[in-house]
Amino acid sequence: MKVLIVSDTHRHNENFLKVIKKVGPVDMVVHCGDVEGAEAIITQAAGCPVHMVQGNNDFWSEMPREKEFAIGMYKVWLTHGHNYYVSMNYEMIKEEARNREIDIVMCGHTHKPIIDIDEGVIVINPGSLSYPRQEGRKPSYVIMEIDKEGEPHFTLNYVCE
């Protein structure tokens, strides 16, 4: 199974469209929020099941604020992260994930990518495809692949200009 994880596109969908063309086909797309009204464009371009949540800039959105679902045998919690202070650190979101018995947390908000495997909780933040803030400021996304044994593998990728 191949999952494309993105975040913080902020209605600038050019890089998302490039990425989906480059890495496709995928079995699932996960968007960690700040879609800003482009839900239909992303869903149509994905051509597969899409999970999205509201970000702090998704005003008047009818998307859920948080979502739990399964990818393979893993329980996934999708949240933008701003309500868990991810801009400060990931400790609060990890604690909440453990309390919910979550295996993988997917979030955004910081515009800085991380893949953090810690005490049975995996935190994935794909960064931003539109407004990256990490050193080098390259638009980023994560590919999650589940191997034949059911184990997850995560790869941080950058959009090449």
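Predicted model: local features only at pLDDT ≥ 70, side-chain atom pairs only at ≥ 80, totals over all residues.
Residues are numbered from 1 along each chain as its sequence is written, and side-chain values use heavy atoms, with hydrogens and water left out.

**Entry on the overall fold**

I found three helices and ten strands in the chain, where helices (H or I, at least four residues) and strands (E, at least two) are DSSP runs numbered from the N terminus. Read from the N terminus, the elements run β-α-β-α-β-β-β-α-β-β-β-β-β. The C-alpha trace spans about 35 × 35 × 35 Å along its principal axes. The radius of gyration, taken over C-alpha atoms, is compared with a globule rule of 2.2 Å times the number of residues to the power 0.38; for 161 residues a compact globule would come near 15 Å, and the 14 Å of the chain agrees with that.

**Entry on the inside**

I then looked up burial: 53% of the 161 residues are buried, meaning under 20% relative accessible area, whereas exposed means over 50% and partly exposed lies in between (1.4 Å probe, protein chains only). A nonpolar core is a set of buried Ala, Val, Leu, Ile, Met, Phe, Trp, Tyr and Cys residues joined through side-chain atoms within 4.5 Å. The largest one has 20 residues, and Leu4, Phe16, Val29 and Tyr141 have the most contacts inside it. Elements that each supply at least two residues of this core include β1 (2–6), α2 (39–46) and β9 (140–146), while α1 gives the most, with four residues. I also noted a second, separate core of 19 residues, which includes Ile5, Cys32, Val76 and Ile122.

Around Leu4 I listed contacts (heavy atoms within 4.5 Å); leaving aside residues up to four places away in sequence, its partners include Phe16, Val29, Tyr141 and Ile143.

Ile115, Ile117, Leu156 and Tyr158 make a nonpolar surface patch of about 340 Å², to which β7 (114–118) and β10 (152–158) each supply at least two residues. Ile115 lies in strand β7, and it counts as partly exposed because its relative accessibility is 34%.

How values were computed. Patch = residues over 30% accessible without salt bridge, like charges linked within 9 Å, V, L, I, M, F, W, Y side chains within 5 Å. Areas by Shrake-Rupley, 256 points an atom, 1.4 Å probe, with all protein chains shown as cover. Salt bridge = Lys/Arg side-chain N within 4 Å of Asp/Glu carboxyl O.
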